[in-house]
Amino acid sequence: MKKIDRPTFVKWAGGKKQLIEQFKQFFPQEAERYFEPFVGGGAVAFYVIQKNHLKEIYLSDINEELINCYEVIRGNVEELIDKLKQHRNNHNKEYYYAIRELTPEILSKVERASIFIYLNKTCFNGLYRVNSKGKFNVPMGSYKNPSIFHEDDLRELSKILKNVKILKMHFEKVSEYAKKGDFIYFDPPYYPLQKGKSFTSYTKNNFSEKDQIRLAEVFRELDKKGCKVMLSNSDTKFIKELYQGYNIHIVKAKRMINCDATKRGAINEVVVTNY
Ligand SMILES: C[S@@+](CC[C@H](N)C(=O)[O-])C[C@H]1O[C@@H](n2cnc3c(N)ncnc32)[C@H](O)[C@@H]1O
């Protein structure tokens, strides 16, 4: 299979593409089944799948539109490419806002995926943010020639996903599926460095402190079952206390956490493992 250099089909807040080099050392070699319950743009998943001989792979996320994209890329990639070509040919401000107004729930799966990718690649900063009613509300970005998709990459991705189980589910459900020896990588929305400063919202329900606590419980349940568990999060006292007793490694990430571009630099993040 051809290796793809642009492994993500969406720009996704918290994407891990830049951290893969540092993450490599933490991935266990022996696991046969892989779970990624916060798959997002899939940068880590696509790397792990291409590098390992896994027998079963489960990718999941709570974002219904995103999961629909994975299913459509796997099952209807040519139709999707045709639709994306139409969006690329028609792209302008008026078209963007007309597409943003559409109600995804009443469209076909392929149309739904195509507008999700189109909006993601042309909106401001690739943000995914919805209002309290769940409606996507990000304004158009100011890109001159946004690259909306790469058809060969989508085709490769479609092949990679052929034997993958794709599920729309809450992260805690992973404990119903995982068993001894499985590898689970958690990449949740990060606990904010400053209280109240979470910069994005992937769903209409934000990821709260209570969710972080529940996630740490799920991490412990999986550990007790004999799974190999890895998690990334912010380097904060709260997170380090939640995972006390496990291995806590520090990695360096470049993040857009400061509005002033000159003050953007590398910040520490943590990787927790139970092995
Ligand atoms: C930090 S992102 C993952 C980034 C991903 N690793 C990448 O490289 O693109 C977090 C993801 O968690 C998902 N999410 C938020 N709350 C969730 C929940 N309760 N259960 C499962 N997924 C959730 C979001 O939709 C988002 O895609």
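**Sheet and domains**

Analyst: This is a predicted model. One detail to begin with: Lys 252 sits opposite Asn 268 in strand 7.

User: How do strand 6 and strand 7 pair, and over how many bridges?

Analyst: Antiparallel, over 8 bridges. Strand 7 covers residues 266–273.

User: What is the strand order in the sheet?

Analyst: The order is 3-2-1-4-5-7-6. The sheet is open, has 7 strands and shows mixed pairing.

User: Which strands stand at the edges?

Analyst: Strand 3 (165–168) and strand 6 (247–254). Each has a single partner strand, so one side of each has no neighbour in the sheet. From one strand to the next, the twist averages 20°.

User: Now strand 5. How many of its residues are buried?

Analyst: 7 of the 7, so strand 5 is largely enclosed by the rest of the structure.

User: What does strand 5 pair with?

Analyst: Strand 4 runs parallel to strand 5, with 4 bridges. Phe 183 has Lys 228 of strand 5 as its bridge partner. Strand 7 is antiparallel to strand 5, with 5 bridges. There, Met 230 is opposite Thr 273 of strand 7.

User: And helices?

Analyst: Helix 3 (residues 64–75) lies across strand 2 (56–61) and strand 3, at about 155° to strand 3. Helix 9 (residues 209–225) packs on the sheet and touches strand 4 (183–186) and strand 5 (228–234). Its direction makes about 160° with that of strand 5.

User: Switching topic: where are the domain bounds?

Analyst: The domain assignment gives domain 1 as 17–62 + 169–273 and domain 2 as 70–156. Their centres, taken over C-alpha atoms, are 26 Å apart.

Conventions:
Residues numbered from 1 in each chain as written. Predicted model: local features only at pLDDT ≥ 70, side-chain atom pairs only at ≥ 80, totals over all residues. Pairing = 2+ DSSP bridges. Helix = DSSP H or I, 4+ residues; strand = E, 2+ residues; numbered from the N terminus. Axes fitted to C-alpha atoms, helices over the stretch in contact; angles between N-to-C directions. Contact = placed C-beta atoms within 7 Å. Domains from an automatic or database assignment. Buried ≥ 20, exposed ≤ 12 C-beta atoms within 10 Å, placed from the backbone.
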